[in-house]
Amino acid sequence: MDYHDYYSIESQEKRINANKYRDNKKKEFKKILKSHPDSIKPYWHLSKEKIDFENLPEKKPTFIQNEEYEIYWIKVKELLSNLKYNAEKVYGKKSIWTLQHNDNKITKVLIHWQNEENLIPIILNIPEPNLILIQDGHHRLTVANFLDCEKIPVIISKPFEQDFLAKFTFSEKFAVSLKTN
């Protein structure tokens, strides 16, 4: 979209309507999550062939472009306890509607899951053996934790895979690697 299209009347009306829709959905989700939080379930892409990385906000990481990654199930509590910053404050269950999160992104995640649409697993980065970062998926993790998900899928770059496996304990139930090679 070029500069002039962005400011056209049609484009502005489209953005206004999208914002109104999202605001209405946010109000709806606040009511739903208060009274029936178990009515929304997460849906994830679980095979490399079906993941659509086009919606990543930044340029796709090289390991994604080259399919040099694996998908693992991981316990949410274990992930949160291994993050280096105050994860419980950022991803805690007290509220997903806080200043630490973009309401529009939280609402988009909820809309996708309400419509049973799969989303990309959380992408982890492990630049050092004791430093685990979320490269992409902060809002998906926030919503999944709020919904009391016991486990979530994560994408791990193959160069980080050994550090990941050494850092996280798995029971057989949670050690499922969805390798597609």
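Two strands pair if DSSP finds at least two bridges between them. The exercises below apply this to a predicted model.

**Exercise 1. Which strands does β2 pair with, and in which direction does each pair run?**

Step 1. Locate the strands: β2 covers residues 122-128, β3 covers residues 131-136, and β4 covers residues 151-157.

Step 2. Take β3. Four bridges connect β2 with β3, and the two run antiparallel. Within this pair, N125 stands opposite L133, and I123 stands opposite D136.

Step 3. Take β4. Three bridges connect β2 with β4, and these strands run parallel. Here I122 has V154 as its bridge partner.

Step 4. Compare with the cut-off of at least two bridges. With four bridges to β3 and three to β4, β2 pairs with both strands.

**Exercise 2. In what order do the four strands stand in the sheet, and which strands are at the edges?**

Step 1. The order is β1-β4-β2-β3, in an open sheet with mixed pairing.

Step 2. The edges are β1 (69-75) and β3; each has a single partner strand, so one side of each lacks a neighbour in the sheet.

Step 3. From one strand to the next, the twist averages 40 degrees.

**Exercise 3. How many residues of β2 are buried, and which helix lies across β2?**

Step 1. Buried means under 20% relative accessible area. Five of the seven residues of β2 are buried, and the strand is mostly covered.

Step 2. Helix α7 (residues 138-146) lies across β2, β3 and β4. Its direction is at about 105 degrees to β3.

**Exercise 4. What span should helix α6 have at 1.5 Å a residue, and how far apart are its end C-alpha atoms?**

Step 1. Helix α6 takes in residues 103-114, which makes twelve residues.

Step 2. The expected span is 1.5 Å times one less than the number of residues, which gives 16 Å for α6.

**Exercise 5. Which residues of α6 are buried, what do they pack against, and which residue caps the N-terminal end?**

Step 1. The buried residues in α6 are I106, T107, V109, L110, I111 and W113.

Step 2. These buried residues pack against α2 (9-35) and α7.

Step 3. The N-terminal cap of α6 is N102, with a side-chain oxygen 2.8 Å from the backbone nitrogen of N104.

Step 4. After α6 comes E116, with a positive phi near 55 degrees.

Note on methods. Residues numbered from 1 in each chain as written. Predicted model: local features only at pLDDT ≥ 70, side-chain atom pairs only at ≥ 80, totals over all residues. Heavy atoms only, no water. Buried < 20%, exposed > 50% of the residue type's maximum accessible area, 1.4 Å probe, protein only. Axes fitted to C-alpha atoms, helices over the stretch in contact; angles between N-to-C directions. Contact = heavy atoms within 4.5 Å. Polar contact = N/O pair within 3.5 Å; in protein donor to acceptor, adjacent residues only side chain to side chain.
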